[in-house]
Amino acid sequence: KNNNEQKEKVPIGMEALRELISSLDKGKAPTNEIYNSSDARDVFNTLPANYFDILSLNVTNPDLPVIDLKVMMIGNYGCGKTSLIDFLRTRAIKKEYPETWGGSCCHVVWPFETAGAFAFYRVGVWEAGYTIGKKFQYLISKNIADAHVLLFVLALNDRASYEFLKASMQKYHTEASRDGQSVKQILLITKMDMYGQAQVTHHEITELISNSDVDCVLSTSLIEESKTSQGKRPEEVGLIRSLMDSAIGLCV
């Protein structure tokens with residue numbers, strides 16, 4: 001009797017969570033119960049620390065019911081694109097980065113609630129090196145062709161970063177929308193810890209947002225974020241949560 005009473009107190013969502021993790025461990029696809037459970041919010045608030053890592057390792061599983069979303073980062077060299085990729089992967093960044101020759105990406109599997117139910121989104125965040133992108137323009141053109149979101153990165157302490165976006169944001173958005181698809185735009189302002197050395201004024205940023213019809217503006221200091229994010233789950237990290245929720249929310 002006591003066992004039955006105890007079992008009744010366990011939310012349906014928690015049972016679904018156990019089934020999901022068990023299925024993933026066995027390489028099998030989970031049932032849809034977890035996506036439609038009325039207890040889904042409680043489930044995601046009690047996820048084990050490595051839950052998202054487990055999902056990320058299984059993003060290539062064709063049976064895992066997730067919705068793909070592509071975010072293409074665009075910005076001048078040194079603005080923080082590669083740092084953001086590293087941060088999404090490990091919650092840590094290096095002190096210095098060489099310029100990216102070619103491109104890189106990472107995938108984050110993220111739950112998002114729509115119409116009272118959760119769905120999983122596999123958000124691919126891509127970047128192409130600035131110099132290589134100028135020499136081989138097709139690298140950027142190819143990547144933005146099927147992008148759902150363009151993530152423009154502006155370094156607050158770098159004037160060249162601002163000038164690059166001012167000259168190219170409208171061009172890239174027009175190119176990404178050439179097939180009539182609705183491509184969303186997010187402006188991410190980085191290096192906020194260097195506000196005292198800012199080379200871009202508030203008026204210029206406001207004007208850039210207005211002229212480019214930006215849908216969402218985020219700001220961060222990756223250095224400060226990395227100091228407070230070690231060992232935390234992705235949904236506990238402010239920048240990751242804001243970026244994922246903004247990118248998915250604009251597209252659904």
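How many helices and strands does the secondary structure of the protein chain come to? I find 12 helices and 6 strands, taking helices (H or I, at least four residues) and strands (E, at least two) as DSSP runs numbered from the N terminus. I note that this is a predicted model, in which local features need pLDDT of at least 70 and side-chain atom pairs count only at pLDDT 80 or more, while totals for chains, interfaces and linings use all residues. Residues are numbered from 1 along each chain as its sequence is written, and side-chain values use heavy atoms, with hydrogens and water left out.

I looked up burial next: of the 252 residues in the protein chain, 49% are buried (under 20% relative accessible area, 1.4 Å probe, protein chains only). Among contacts (heavy atoms within 4.5 Å) between residues at least 6 apart in sequence, 75% join residues at least 24 apart.

I then turned to the lining of the largest pocket, whose residues divide into 9 nonpolar, 9 polar and 8 charged; here Asp, Glu, Lys and Arg count as charged, Ala, Val, Leu, Ile, Met, Phe, Trp, Tyr, Cys and Pro as nonpolar, and the others, Gly among them, as polar.

Last, I checked helix 12, residues 238–251, whose 14 residues reach 20 Å from first C-alpha to last, close to the 20 Å expected at 1.5 Å times one less than the number of residues. The buried residues of helix 12 are Leu239, Ile240, Leu243, Met244, Ser246, Ala247 and Ile248.

Methods
Buried < 20%, exposed > 50% of the residue type's maximum accessible area, 1.4 Å probe, protein only.
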